[in-house]
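Subject: Model handover

Hello,

Please find the structure below. My notes on the sheet and the pocket follow it.

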Amino acid sequence: MSRKTQTRIEDGIAWITLDDGKVNALSRDLIGEIGAALDAAERAAAIAVLSGRAGIFSAGFNLPTFQRGVAEGVEMVHAGAQLALRLLAFPLPVLTVCTGHAYPAGAFLMLAADVRFGAAGPWRIGMNEVAIGMTVPKFAVELARHRLTPPGFARITTAAMFAPDEAVRLGYLDRVLPADELAGAAREEASRLRALDMPSFAATKARINGRALDAVSAAVREDFKSSAEIPPPAASASRRRGRP
């Protein structure tokens, strides 16, 4: 099986790139690979930089998995929720670099990160579950509540997707840069983050994210107490507009 991520660790920075050759849909395999990359970063005491391929950060959860049955869909979404929790609690800085589109589960990863950069361009970022026949999971609502501005949070109900500049205003991103400047800016920010006092960072992050971790953890338990909590998309969902 071909790998869907590449990880390079050097000078205290773990560069983790998502590239499945398609749209970086968060399948169970891809989620597992991201978790393994974070394991390697943590063992090396390296900060994590998570980026996508040109034009796409992630198109969200893998829709064909939902179509294989409730059990597989629930397992995948639960794994994604656990990955978001891990990023929120990760004891070293996490920088996400949004290289293009970021559909719901891709947005979840960014909202769980400490710093979020994005490329300027004709990209769409946000949480459009309602448009494809899904109810936004409770854990995602709590994650959005922690990061998004009130106007950004309110727009989740209407499945709105946003251009990068608007995504900054609403809280999905911290900075937007021209595509040809993004890699350099990410390297500069990663070096700045690497120079932080890590015990102080970890303790402060735990304080800042503590309430959100409690809320997201409780929401995960509520979401997955019954498989009916995460129904598969409507039968025609994968054929509707809403994917890049």
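Two strands are taken to pair if DSSP finds at least two bridges between them; helices (H or I, at least four residues) and strands (E, at least two) are DSSP runs, numbered from the N terminus. This is a predicted model: local features need pLDDT of at least 70, side-chain atom pairs count only at pLDDT 80 or more, and totals for chains, interfaces and linings use all residues. Residues are numbered from 1 along each chain as its sequence is written, and side-chain values use heavy atoms, with hydrogens and water left out.

The sheet is open and has six strands in the order β1-β2-β3-β5-β7-β10, with mixed pairing. β1 (5-10) and β10 (175-177) are at its edges with a single partner strand each, so one side of each has no neighbour in the sheet. Within the sheet, β2 and β3 pair in the parallel sense over five bridges. A14 is opposite A48 in β3.

The largest pocket holds about 290 Å³ of space. A pocket here is an open set of points on a 1 Å grid over the protein atoms alone, where a 1.4 Å probe fits, with protein on both sides within 12 Å along at least five of seven lines; lining residues have an atom within 4 Å of a point. Of its 18 lining residues, S51, V97, T99, L182 and A183 are the closest to the centre. β2 (13-18), β3 (47-51) and α8 (179-194) each give two or more residues to this lining, and α8 gives the most, with five.

Regards

Methods. Grid points are joined across faces, edges and corners, and a volume is the space filled by probe spheres set on the points.
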